Amino acid sequence: MSFYTLQKTMEKIELNMNNIYIKSATPNRVRLKSDIFSLKSNLNVIQEMLGFYEVRANIKCNSIVVVYDKNTTIDEIISKISKKFQKKIEQSLAASHAVCGSDGACISCDKKLNSSPATFKRKLVEFGLLSAYSVYIFVAKNVFGVVIASTPFSLIALVSVVAAIPLLRESLDDIKNKKFTLQTFMSSTLILAIFIGEATAAFEIIYILRGGMLLEEYIATRSKNEIKNLIELDIKKVYVLVDGVELETDIDEISLGDVIVSRSGEKIPVDGIIVDGEAEIDESLINGRSESANKKNDDEVFAGTLCEAGRIYIRVDAIGEETYIARVMRDVEKSLKLKSPSEVQADILAQKLLKLGSVMTLGTLVLSGSFINAFSVMIIMSCPCSTILAASTAISAGIANGAKQGILIKGGESLEKVSQSEVFCFDKTGTLTTGKPLVKEVITSKKITAKELMEYLAIAEYRNTHPIASAIVKHAKSMDIYIEQNADTLVLSGLGVKCKYGKKTILAGNKKLFLEQDISLGSFDKKANEFLEDGKTVVFVAVDAKVFGFVTLEHEVRAGTQKMIEDLRKKGVKHIALITGDDERVAASFSKEFDFDRVYANQSPHDKAEAIVNLKKEYKNVVMVGDGVNDTLAMSKADVAISFAAGGSEAAIAISNIAITHSHPEDVVNLYDLSKKTLKVVNQNYWMGTSTNIIGALFGAVGLLSPAAAGAIHIGHTTSIMANSSKLAIYKNS
Ligand code: ADP
Ligand code: MG
């Protein structure tokens, strides 16, 4: 069964009582729905069975998404699942109301993204109890003068051990695997403290540790929620058109190809194509434009955008996790799990501190002969976790801050690299220009009318997504031209299009294309000059190798471009370049107003990539900002790829490290500042963590720090690091 027949029929496979429905399918990814998926235990079996394919589950929606490769087919996946569950179908469905067991990656699930909210709450309650207990100890000791027993069999020792159970479990695993880790070091410190009658110090260690873990989780969860809130679709019911009747349906029951209705004031729940109606659509979520777009037949709409006024019928192309915005979000979520260079560095540093800690503890014991001194050193050094938190908390907070501004950062590494980049390269069309050029002049030979030329051109450009193509099609429609849609088009990246239309061949594109195809432009070459020098893009049109004329297009430069270039330069970026596939005269006219160090014109996608590779040889870290049309190769070669105007190009999302959803040039500067600020906070945190560790250990070694005071230092610097990182999450660009 081919993928397409499958997609069209949305086949239903009978499986005794439990059907497996294909809810949506795109190449290599299928979303299945079945009661089978309502049980966590079943999902575990499925995950195990499907081996290395990624399986994402959403128990609440009884659905799974399987990401597979060319070694298998949807049929095979379904038949494997059905075989496995044939005998187990009468499972209780009660579990379908269980807490969502997804790994947090399921956007359509209405639970917050926290992987297990219940565990977080439990940890919070446990920490609350520990806090109450420490207040009790403090009051009893300092207000009522009660002597708190710190012996191995005291209450405080018992509380410490109970609170340390998760830590002790982890250490036991590490010991079994013959690994000496932070956990083992801390557990041994803890147990030793209890044994030598310093249970109060042991309690302090575990208290700080639990508090730190909780705070870190809170910051990470908040980052995820920020992202989630950005795309909170909150749509449960939609109206689907069935035999001309609008029926209210659960969003989950929608399939690809269905036609749904969106009216004024409603958020559009799917990605799709308008098949009827007209509406004003607020697309600020995906492209940041404040003015709404008028959309009608054949226009594309995206999930999460708002139908402000009007009514449209949308043919569903992507649902839930497959929608454009969900895919961007998924990348961001994944990135939160990746380690940035400074996080990796922090891990290495923490390992070193751990070793240093062991040496210092032993050294103190040998040199001073004091067990208490050695123990203070041990407590201080047993918490290099502050070093680890130094980087990870700052990075998560930085990513959250970006998300709040509509800057989706897929990973700490890219965030860090932005402000360490010496070169910023910008694509022109669609990136520094709005991606909505306007057709201005239609110049034709005497043999053909403007309307005829536009008709040929529009036929050739009809299926193309390039901003120039969209502008041409829109203009043709405004001229009431009927566009034949069954032409066969070949897109020639960076050049134009070649199209077979009946027996005719239409060629449309720039001068380079006609040179390559060996077709003379004749007098049109000269005629086009004045427009090119004026900064307009020229698209020549030939039918059967005979040039009939050209159209010119004017681009609107994004507001704030000038300021962005000035600001980046002020902040220390060494080289700023424009890389465009457009004619050198257009590029020259465009760049007149802007202070580029270098302008690359007439660039094919390959040339653009080569320019990046060469710049990388000369400078440290190169950023490429593009729109994903003809520049994805260049983006993939850059150290940091930033995509602009992300509403359109899928390739841009896939390849970019950072997506600027609002497409405001100033966001590039905001991102640069955020990157710098994040690195600064990481640095401050490092210093705070490491210096207090070392100084504290030295004081401890010479007997100037009691074990309890050593514990207090931990509380101090761990919470300072957390607080310092939180600053980033709420930091605003001035
Ligand atoms: P930029 O690098 O400025 O973003 P592109 O690489 O996307 O521009 O396109 C480069 C040039 O190729 C355009 O200026 C245009 O002359 C030509 N071109 C690209 N796509 C098309 C198209 N669909 N129709 C006509 N010309 C096109
Ligand atoms: Mg472009």
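Which lysines gather in a patch of positive charge on the surface? They are Lys-296, Lys-436, Lys-474 and Lys-477. Keep in mind that this is a predicted model. Besides that patch, here's a quick look at a magnesium site and at a strand residue.

**The lysine patch**
- Lys-477, one of the four lysines in the positive patch, sits in helix H17, which covers residues 467-478.
- The relative accessible area of Lys-477 is 33%, so this lysine counts as partly exposed.

**The magnesium site**
- Three residues coordinate the magnesium ion (ligand 2): Asp-427 through OD, Thr-429 through O and Asp-627 through OD, at 2.2 to 2.7 Å.
- Written as a sequence pattern, the donor residues of this magnesium ion (ligand 2) read D-x1-T-x197-D.
- Thr-429 and Asp-627 tie together distant parts of the chain, 198 residues apart.
- Thr-429 belongs to helix H15 (residues 428-432), while Asp-627 is in the loop between strand S24 (622-626) and helix H23 (632-637).

- You'll find Val-640 in strand S25, made up of residues 640-643.
- Val-640 has 0% relative accessibility, so it counts as buried; the cut-off for that is under 20%.
- Val-640 and Ser-414 are 226 residues apart along the chain, yet 5.9 Å separates their C-alpha atoms.

How values were computed. Residues are numbered from 1 along each chain as its sequence is written. Chains are lettered from A and ligands numbered from 1 in the order in which they are written. This is a predicted model: local features need pLDDT of at least 70, side-chain atom pairs count only at pLDDT 80 or more; totals for chains, interfaces and linings use all residues. Side-chain values use heavy atoms; hydrogens and water are left out. Patches are made of residues with over 30% relative accessible area and no salt bridge: like charges are joined within 9 Å, nonpolar side chains (Val, Leu, Ile, Met, Phe, Trp, Tyr) within 5 Å. Accessible areas come from the Shrake-Rupley method with a 1.4 Å probe; for residues, only the protein chains shown count as cover. A salt bridge is a side-chain nitrogen of Lys or Arg within 4 Å of a carboxyl oxygen of Asp or Glu. Lys and Arg count as positive and Asp and Glu as negative; His and the chain ends are not counted. The place of a charge is taken as NZ of Lys, CZ of Arg, CG of Asp or CD of Glu. Helices (H or I, at least four residues) and strands (E, at least two) are DSSP runs, numbered from the N terminus. Buried means under 20% relative accessible area, exposed over 50%, partly exposed in between (1.4 Å probe, protein chains only). Donors are N, O and S atoms within 2.8 Å of the metal (3.2 Å for Na, K and Ca); water is not among the atoms, so sites may look incomplete.
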